[in-house]
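Here's a quick tour of a few spots worth a look. Have the structure open while you read.

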Amino acid sequence: MNFFDDKIAERLGGINFGKSTRIYKFELIKRAKAAAKIAHPDIPIIDMGVGEPDWPADSLVVQTLSQEAGKPENRWYADNGIPEFQLAAAQYLHNAYGLQIENPTENIIHGIGSKPILALLPICFINPGDILLTTVPGYPVSATYTKYIGGEVFNLPLLESNSFLPDLESVPSEILKRSKALYLNYPNNPTGAAATSEFFKHAVDFAHRHGIVIIHDAAYSALTYDGYKPLSFLSIDGAMDVGVEVHSLSKAFNMTGWRIGFICGNSKAVSAYATVKDNTDSGQFRAVQKAAIQAFNHLEITQTTIDKYSRRFDLLVHALCELGFKAKKPKGSFYCYVPAPTGTEEGTQFKTAAEFSDYLIRSALISTVPWDDAGAFIRFSVTFEADSIEKERKVIEEMKNRMKKLNLKF
Ligand SMILES: Cc1ncc(COP(=O)(O)O)c(C=O)c1O
């Protein structure tokens with residue numbers, strides 16, 4: 001008996017914490033990759049599973065961090081952030097999304113990445129027994145925290161038949177009565193779908209009708225393709241009255257490890273977040289906030305990244321279609337989400353996307369992420385390592401050749 005056996009809170013499983021034999025998806029992928037490496041040490045893994053940019057932050061941003069890091073005035077606890085960051089974020093929202101933020105110091109607060117913001121927001125809105133409506137498949141952080149604090153979660157499936165948008169009118173009335181917040185994420189991880197302004201208008205109307213707060217996760221909002229313009233939820237009339245939007249520099253500016261993002265929206269909601277945040281962390285290092293300001297002032301960093309992903313999507317989608325996948329270039333994000341094959345001509349069967357993904361790593365050394373929450377789908381990410389256009393072509397060609405040999409059936 002370990003002293004801590006009966007000390008772990010029920011929200012983490014209490015006495016059963018650490019005893020579950022269930023292995024989580026990303027651990028399974030890690031194990032399959034390790035096994036494939038041992039079985040085929042000479043064949044490099046093609047990693048299409050990564051959820052992070054392959055490029056580092058822009059050198060301008062890195063330079064700003066290195067200059068600011070040593071300045072004595074930046075050494076203090078940053079608490080809820082510096083006003084220069086709030087003003088620059090507001091200007092960024094104007095330049096990138098056409099938004100006019102009335103009062104940046106009340107409508108915007110930074111976060112140590114968008115993940116902690118999404119974790120803290122349920123603490124602002126959810127009482128025990130309240131429901132968070134969330135989309136599946138999806139990024140689970142707000143749902144996890146909702147459950148931690150005694151709330152409940154109601155899943156809205158993202159189906160291809162509805163362009164991977166949730167059917168808000170499908171929520172049963174007894175669920176609606178207890179619903180307090182709705183989590184949305186567009187462009188979406190993992191489906192790559194983008195929201196239309198009609199959908200956002202419907203969501204704002206739904207929020208008004210049922211008294212539900214909207215949390216829009218805009219982590220990928222800046223990454224859009226082929227004429228689809230970045231769309232902020234807050235650009236919809238009335239959205240500021242019912243919602244908040246969470247932005248991140250991780251994907252738009254290749255700054256995942258830097259940990260910087262921000263929330264923008266209704267001043268009362270932002271002030272609730274500021275209160276919880278103030279009791280949780282002491283802010284991101286001012287030098288990182290100043291480097292982020294530099295990034296905000298250089299939208300071309302995002303544009304160059306978009307050009308790269310767009311080029312890679314064209315190659316990837318073409319190759320996947322040739323192999324028999326029903327692949328389409330997404331409107332946003334860096335993910336291509338396709339129905340998983342059902343087996344191989346030789347008789348191997350895949351009952352789930354997870355089974356296919358495991359087979360793909362072990363037999364072709366290609367790593368992807370499977371999703372079985374709303375149909376069996378595979379996510380290919382265009383953030384694979386390739387430091388030239390020529391190498392990008394080679395990676396896709398090699399991926400195609402390896403998969404061709406598997407004789408996949410759909
Ligand atoms: C949909 C979505 N939201 C938020 C995040 C968190 O991003 P960060 O905490 O780096 O801002 C991620 C990261 O992968 C994500 O996929």
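Let's start with helix α6 (residues 141-148), where Val141, Ser142, Ala143 and Thr146 are buried, meaning under 20% relative accessible area with a 1.4 Å probe and protein chains only. This is a predicted model, where local features need pLDDT of at least 70, side-chain atom pairs count only at pLDDT 80 or more, and totals for chains, interfaces and linings use all residues. Residues are numbered from 1 along each chain as its sequence is written, and side-chain values use heavy atoms, leaving out hydrogens and water.

**Around α6**
- The buried residues of α6 pack against α5 (114-125), β3 (131-136), β4 (152-157) and β5 (179-185); helices (H or I, at least four residues) and strands (E, at least two) are DSSP runs, numbered from the N terminus.
- After α6 comes Gly150, with a positive phi near 90°.

**Asn189**
- You'll find Asn189 in the loop between β5 and α8 (197-210).
- Asn189 counts as buried because its relative accessibility is 9%.
- Its side chain makes a polar contact with the side chain of Arg379 at 2.9 Å (N or O atoms within 3.5 Å; within protein, one must be able to donate a hydrogen and the other to accept it, and residues adjacent in sequence count only if both atoms are side-chain atoms).

**The sheet with Arg379**
- Arg379 in β13 is the bridge partner of Val369.
- Three bridges join β12 to β13 (residues 377-381), and the two run antiparallel; strands pair if DSSP finds at least two bridges between them.
- The open, antiparallel sheet has three strands in the order β9-β13-β12.
- β9 (335-339) and β12 (369-371) are at the edges with a single partner strand each, so one side of each lacks a neighbour in the sheet.

Technical notes. Buried < 20%, exposed > 50% of the residue type's maximum accessible area, 1.4 Å probe, protein only. Contact = heavy atoms within 4.5 Å.
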